[in-house]
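Opening the notebook on a new chain today.

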Amino acid sequence: MAKKISHFLVVLTCLTSFLITPSYTCWTPFRWSILITNGIPNSTISVHVQSKDDDLGFHNITYNNGYHMFFCENVIHTTLFWGHFSNGEKSAFFNVFDTKVSDFVSGRAFILNHVYWLFKNDGYYLSKRFKAFDDPAWVKQGKW
């Protein structure tokens, strides 16, 4: 009986910690923050991000600003968000979040994981940490 009570208290403690967490609350252990930033001077990027279940709408990002999104990854790690990006001259379509992105940033359970995307004139870049636009830590993922 004492063992059952102790297991119940552990589960209750875990659930309670999710409910009182000041950052984004999830019922699954993987929480994500994604920031998409426009690093192209004198431009505006039109962004449309969605998943199978959620359409996050259209957003316009001016230079040196970004679009920020939060979500909870599903328990079987198949969460997928894709996006269409355009600045009037160029456009790109790619997965903003999938298992490849999660692996790249070394996503961990029970913390808020961060993904940073940066658009530059020559393409779009991914990083584990937000850096200056010219920092070599940005890894190019594709061209416009």
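**Fold**

I counted the secondary structure and got 2 helices and 9 strands for the chain; helices are DSSP runs of H or I with at least four residues, strands are runs of E with at least two, and numbering starts at the N terminus. Going along the sequence, I read the pattern as α-β-β-β-β-β-β-α-β-β-β.

Before going on, I note that this is a predicted model, where local features need pLDDT of at least 70, side-chain atom pairs count only at pLDDT 80 or more, and totals for chains, interfaces and linings use all residues. Residues are numbered from 1 along each chain as its sequence is written, and side-chain values use heavy atoms, with hydrogens and water left out.

**Contacts and surface**

I looked up contacts (heavy atoms within 4.5 Å): among those in the chain with a separation of 6 or more, 51% join residues 24 or more positions apart.

How many of the 144 residues count as buried? I get 36%, with buried meaning under 20% relative accessible area, exposed over 50%, and partly exposed in between (1.4 Å probe, protein chains only).

The chain exposes about 8600 Å², and carbon and sulfur atoms supply 58% of that. These areas come from the Shrake-Rupley method with a 1.4 Å probe.

**Positive phi**

I found histidine 77, not a glycine, with a positive phi near 55°. Histidine 77 sits in the loop between β4 (66-72) and β5 (81-86), and is partly exposed at 31% relative accessibility.

Phenylalanine 110 also went on my list, with a positive phi near 65°. I place phenylalanine 110 in the loop between α2 (99-104) and β7 (112-120); its relative accessible area is 56%, so it counts as exposed.
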